[in-house]
Amino acid sequence: MTIDKGQMRKVIFASSVGTLIEWYDFYIFGSLAPIIAAQFFPKSDPTAALLSTLATFAAGFIVRPFGALVFGRLGDKVGRKYTFLLTLVLMGGSTFAIGLVPGYETIGFAAPIIVLMLRLLQGLALGGEYGGAATYVAEHAPEHKRGAYTSWIQTTATLGLLLSLGIILITRKSMASDPMDSIRAFEDWGWRIPFWFSVVLVGMSIYIRLKMHESPLFMRLKTSGKTSTNPIRESLMKRSNLKMVLLALFGATMGQGVVWYTGQFYAQTFLENACKIDFEQTRTILIWAIVFATPLFIVFGNWSDRVGRKWIIMSGLLLAIVAYRPIYRTMLDLTDTATSVKDDAKSRIEKVIVPLQGKEYSLQTSTTLHVYQNGIEEKTVSTDTLFNSGAERVQFKPKQFKVLPNNVYWALVALLFIQIVFVTMVYGPIAAFLVEIFPTKIRYTSMSLPYHLGNGVFGGMTPFIAVLLGTMYTADPLVGLWYPIAVAGICLIIGTIYLSNRIDPNVND
Amino acid sequence: MNAIKKYLGLIWMAIAILSYVVLFQTAMEKIAAKPTADTIIEWSIFAIIFLPIAIGLLIFGWLAWKGDYSQLPLSSEEIED
């Protein structure tokens, strides 16, 4: 079964755009987590703070694999097209609704409950989307182009992250002409704009997807009455298929998940918290690295059609295992100010006092700037409340961050770029790999589960476990990397020994 | 190679059991050290979500030990039978 190139482009575009939007929707919540926590989950209310923890953990770890099962089942019974259309509507609707929910101060305890429910819906929808899109594209693609065409789906998670970072940065800067006023307005209500923006994207994507036809392979199965009556049971209870689900998880997706999250999330957290880099510079460093590396998803997907999927994925894992510690050591060294001499002539302290209308106090912002000979500027910003009555001032915890000179900035872009190259190697060919090891009638269910366990659970745990290791073994600032290295290491051994490098000539079965 | 696949199965089973025991012990220690709702929820979710994964690794090791991975299927018909 082949379709012409123009039709194939439409299939890829319709599938990729929708998946990209779903990732965008999922990431804006994560990227805006501190602001959302302040709006909906105040620490002063212990139950609200508890719901915040649930929103963070449950959506990623429990609901995503559950969504993979629920929508996978639907996709294998009803069809790919309508299932991933449904996940898109669910994701878009819940994202838009989060942007509309009044804050805790306005509606009280209902606010965190509504936001938690909507966040869980987001996780559920995401769990069902990827498998559908990858399956849909693969079932249209000719054998010699399966890796190349499905690699477009593989770009979407990274591009969704890029889009979310870009939209947040642009909105944060455009709220007012004064930068500080703009940030304040963004934290007050402007954070809702990226959520509202989602409805435009989702609307367009639904329009495009509605015009698409059902997967031809699924239609053939349906016409002949051979669709599965119970895809979950067939996927997980039949020994011959369960062994492939387990092999996909432990031999490919769990390693892919930790490499993905280390390169794109832990790297960002590390720059911000361990290297103490400025908020905007951290984001733009990641944005540049993503922009330069993203085409490589297509390159590796394409290449996998010629040399097989296995060795590209295994090479990505091996390179990540070997290179992570040297890369992060270099990131620390490049941004270190302890060994650099301070240029006292350029150091200064600035104080700004802003009286607040109608309040009996003013805000004093003190910025201490130290410039080092390696060009790094270290800023410490502290805010004090000064009472007009002369009462004792209230001091907030000072924020310290570094602003990097160009040479260090671009060196960090290069180091993140290398990490994202590893991501493109392990992630680019994986959709084709997953599609090929499962039969059509239970493909949606069977491939979604290992993907979301590997990516959502093993990958999603990376920042938490890395931070946890850091608090347990404080002497080594790189100790957090042992988690992705160990998981990728086990995956590399399992994948190398047990996986086949064979490209399935026929997914029409 | 099939012998390596088979005997490594024992290692995967051992890793599954040991890693879950370590995770469970750490969860208990963390909850005992700071018994707040946040800590309990976080560590309970870790313990719950990793249980099926540890069982999965155990089954994977068992299947490897039984020789199920000596020959991977070449077509879907082999999976269906």
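The model is predicted, with local features needing pLDDT of at least 70 and side-chain atom pairs 80 or more, while totals for chains, interfaces and linings use all residues. Residues are numbered from 1 along each chain as written, and chains are lettered from A.

**Exercise 1.** Work out how α12(A) and α15(A) cross.

*Solution.* Start with the axes, which are lines fitted to C-alpha atoms over the stretch in contact, with angles from 0 to 180 degrees between N-to-C directions. Those of α12(A) and α15 (residues 310-334) come within 10 Å and cross at roughly 15 degrees. Next, pick out the contacts (C-beta atoms, placed from the backbone, within 7 Å): α12(A) brings residues including A:G255 and A:V259, and α15(A) brings A:G316 and A:L317, among others.

**Exercise 2.** Find the direction of α4(A) relative to α9(A).

*Solution.* First, the axes of α4 (residues 80-98) and α9 (residues 192-210) of chain A come within 8 Å and cross at roughly 160 degrees. That makes α4(A) roughly antiparallel to α9(A) (over 145 degrees). Then look at who meets whom: A:L85 and A:L88 are among the α4(A) residues, A:F195 and A:W196 among those of α9(A).

**Exercise 3.** Locate the neighbours of A:V137.

*Solution.* Leaving out residues up to four places away in sequence, A:V137 touches A:V11, A:I12, A:S15, A:Y149, A:T150 and A:I153.

Technical notes: Two residues are in contact if their C-beta atoms, placed from the backbone, lie within 7 Å. Helices (H or I, at least four residues) and strands (E, at least two) are DSSP runs, numbered from the N terminus. Angles under 35 degrees count as roughly parallel, over 145 as roughly antiparallel, 65 to 115 as roughly perpendicular and the rest as oblique.
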